[in-house]
Amino acid sequence: MDGFRAARGGDAPERVNVLAHSYGSTTAAEGLWATRYRVNSFVNYGSVGFTLDQPVTAINADQIFRTKGELDLVANAGLGAGGQSRKDPQDLGAIDFSATDEGGLRGVDGHSAHLEGGVGYLTPGSTSLSHIIEIIKRGRP
């Protein structure tokens, strides 16, 4: 994020949102902890957990959101395999949003962002994508 801001010559965009999936959320959390500039929101979905042993407030983001589908076995396994070293973002204070069937939208039924023959986190018509769009546009799910 520091390089992004430096490349723009200090002309920061109105909003900066970081979206991350699976182990990408782990990596993004580490990066946002180390960066100098804050982002508006950090949205993670299907996270296998953060390795930071600090509250999410230590991450340079105004708001941190997370979702995990009930049928996302990979995220659950990743959280379990991490033992004490990996924590669910929700347990660290991230704001949870739904990835289940809701209001005519479909719930996530696997781990992928785009699930072939199913519903991934970024599948059009999914609850999770609808919430992610609202977070990007309005700063809340």
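So, strand β2 is mostly covered: 7 of its 7 residues are buried, where buried means under 20% relative accessible area, exposed is over 50%, and partly exposed sits in between, with a 1.4 Å probe and protein chains only. When I say strand, I mean a DSSP run of E with at least two residues, while a helix is a run of H or I with at least four, and both are numbered from the N terminus.

Quick note on where this comes from: it's a predicted model, so local features need pLDDT of at least 70 and side-chain atom pairs count only at pLDDT 80 or more, while totals for chains, interfaces and linings use all residues. Residues are numbered from 1 along each chain as its sequence is written, and side-chain values use heavy atoms, with hydrogens and water left out.

Okay, the neighbours of β2. Strand β1, residues 17-21, pairs with β2 in the parallel sense over 5 bridges; for two strands to pair, DSSP has to find at least two bridges between them. To get from β1 to β2, the chain goes through helix α2, residues 23-34, and this β-α-β crossover is right-handed. That word means that, with the strands pointing away from the viewer, the path from the first strand over the helix to the second runs clockwise. Then there's strand β3, residues 61-67, which runs parallel to β2 and is joined to it by 6 bridges. In that pairing, V43 has F65 of β3 as its bridge partner.

Now zoom in on one residue, S41, which lies in β2, residues 39-45. Is S41 buried or exposed? It's buried, because its relative accessible area is 0%.

Last thing: the cores. A nonpolar core is a set of buried Ala, Val, Leu, Ile, Met, Phe, Trp, Tyr and Cys residues joined through side-chain atoms within 4.5 Å. The largest one has 14 residues, and F42 and I59 have the most contacts inside it. β1, α2, β2 and β3 each give two or more residues to this core, and α2 supplies the largest share, 3 residues. Apart from that core lies another, of 12 residues, including Y45 and A113.
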